[in-house]
Amino acid sequence: MKVVQNVNSQIQNALHQPSPEIAIRDVKHVMARELQALDPKTEIKSTDYFNHTFVPDFVLTWGSGSERPTRDVYLRFNVDEPLIQRDLLSLREESPAFISISGSSAHSGQSEMIAAEYEDCLLSSAGTLEKISSEASRTPVTQMLKSSLLQGGKGYLVGESANEVQRAVSRADSALANLNAAEVDKTVRVMNSHFARGFSARIERVMQVLWVSQGGEVSEFPGTLESRTALSPDELIAILPFLLSLEEISSIEFWRNLGESLSLGILQGLESWPANSNLNLLVNANLDRIKTKGVALDRIEFDLFDDPEAPPYWHIQESQLRMRCSEIDLRFVDDRRKTAHRSDVGRAPQWLEIERRLDRYGIEGIEFTSPGSKTHIKSSTTDGLRDSTDMSALSRALGKLARVISVELRLPNSRDNVEIDFDRSVVDAVGVPLGPHLLAYLGLDLLYQSSQKTLEDLSAFVTVGGSLPWWKDGKVERITGESN
């Protein structure tokens with residue numbers, strides 16, 4: 001049985017390589033693995049230098065977009081004075097992290113006092129990082145504590161202070177699950193001592209959400225921030241990039257409580273976010289809160305690596321919430337003018353081709369086109385066009401060359417109307433904005449006449465807890481429109 005060496009032993013073995021170049025390479029490999037274990041979403045770039053006076057050993061980068069946060073990491077044989085004081089004085093402006101690779105865990109009171117003068121910098125050790133990264137992650141709080149350490153950790157994190165952070169990480173999950181106010185209070189205090197304020201505040205607000213999710217009273221949460229049941233839009237904007245980058249958080253209740261202020265605008269503010277399970281959970285748990293004015297649909301050619309049987313997924317691209325469902329790409333907009341320029345994108349079907357799919361909806365108006373003419377028919381009654389007009393006779397009168405350019409529909413059991421524009425391949429909400437899943441279903445069903453399997457896949461994907469929040473008034477119905 002192979003014995004796994006701890007990080008300090010691995011570093012010492014690497015340092016004893018006969019070649020200095022190989023020793024440096026191996027030490028940096030060991031440390032890169034340790035940094036990645038602490039925060040798997042960190043992008044780590046190793047420089048060509050080792051233990052250099054002013055060039056970092058690693059540059060860490062997080063997130064996506066044009067302004068990605070970074071932090072320089074310097075490897076040192078120890079982080080004690082007097083040498084560390086020189087480093088702090090000359091390099092403090094970039095708020096770097098200094099990591100000891102000597103293997104010593106002795107606590108230096110003098111170094112701790114010096115580090116307090118440069119509180120935006122982090123002084124720690126490879127052994128400390130290993131202990132914290134080895135703690136199991138069962139909730140987003142534990143994951144955020146671990147991943148925030150590299151980006152937002154500060155101060156002297158060696159010896160007893162390191163033990164405090166490790167205990168906070170190890171106990172946070174059980175403390176929240178058991179609504180243990182004393183242990184939660186300890187975790188909050190440790191965060192405020194060893195994390196930059198922006199990071200500790202974000203984690204504390206997520207702890208509040210989990211506290212409420214477990215049945216706790218928000219007023220009894222033992223934190224330092226004002227207790228509120230819902231995150232504000234600004235808080236949500238700041239927290240979402242951290243949460244979405246974590247390992248899957250499968251609790252629908254968590255995402256539901258988190259997303260009370262969620263909107264299409266907040267999702268658009270993420271600018272670019274690849275498909276992942278947390279984004280799917282966030283959107284699907286809050287479909288009744290996300291309102292959109294329209295969706296544009298386009299057929300995508302499969303490439304070599306696409307799976308035609310892959311389930312639907314959400315992603316954000318070019319500041320647009322998008323869904324991929326089979327070979328169809330759906331782009332949701334908050335303003336109908338954003339799709340007004342589209343023309344000759346779709347295909348206008350014959351009435352007889354689309355009639356059966358329109359049966360489940362109340363038709364308010366139809367625009368036909370035939371060679372040399374256009375005809376727009378609008379219902380003159382509140383019962384809809386079907387009850388006031390012989391649609392079959394109308395279709396026969398227009399002839400086989402007549403095509404449906406657009407149709408206005410009344411949704412079942414609702415006062416909401418939508419316009420299906422076949423020429424632009426767009427579904428527009430008429431009047432009030434609607435949930436994206438509603439417009440997506442209508443677009444796939446009518447614009448692309450998707451198969452029953454594709455429609456069922458969409459229904460299964462957006463369904464939460466066995467039923468779908470179908471209409472905006474909170475009534476829960478199946479995707480087919482049948483009441484539960």
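Tutor: Welcome! A residue counts as buried under 20% relative accessible area, exposed over 50%, and partly exposed in between (1.4 Å probe, protein chains only). This is a predicted model, where local features need pLDDT of at least 70 and side-chain atom pairs pLDDT 80 or more, while totals for chains, interfaces and linings use all residues. Residues are numbered from 1 along each chain as its sequence is written, and side-chain values use heavy atoms, leaving out hydrogens and water.

Student: How many residues of strand β10 are buried?

Tutor: Strands are DSSP runs of E, at least two residues, and helices runs of H or I, at least four, numbered from the N terminus. I328, L330 and F332 point one way from β10, and D329, R331 and V333 the other. In a regular strand, side chains alternate between the two faces of the sheet. The buried residues of β10 number six of six.

Student: Which residue in β10 is the bridge partner of G294?

Tutor: Two strands pair if DSSP finds at least two bridges between them. Strand β7 (residues 294-299) and β10 pair in the antiparallel sense over six bridges. In β10, the bridge partner of G294 is V333.

Student: Which residue forms a salt bridge with R299?

Tutor: A salt bridge needs a side-chain nitrogen of Lys or Arg within 4 Å of a carboxyl oxygen of Asp or Glu. For R299, the closest N and O atoms are 2.6 Å apart, and the partner is E327.

Student: Is R336 buried or partly exposed?

Tutor: The side chain of R336 meets that of E419 in a salt bridge (3.4 Å, N to O). R336 lies in the loop between β10 and α14, and E419 in strand β14, so the pair ties together parts 83 residues apart in sequence. At 30% relative accessibility, R336 counts as partly exposed.
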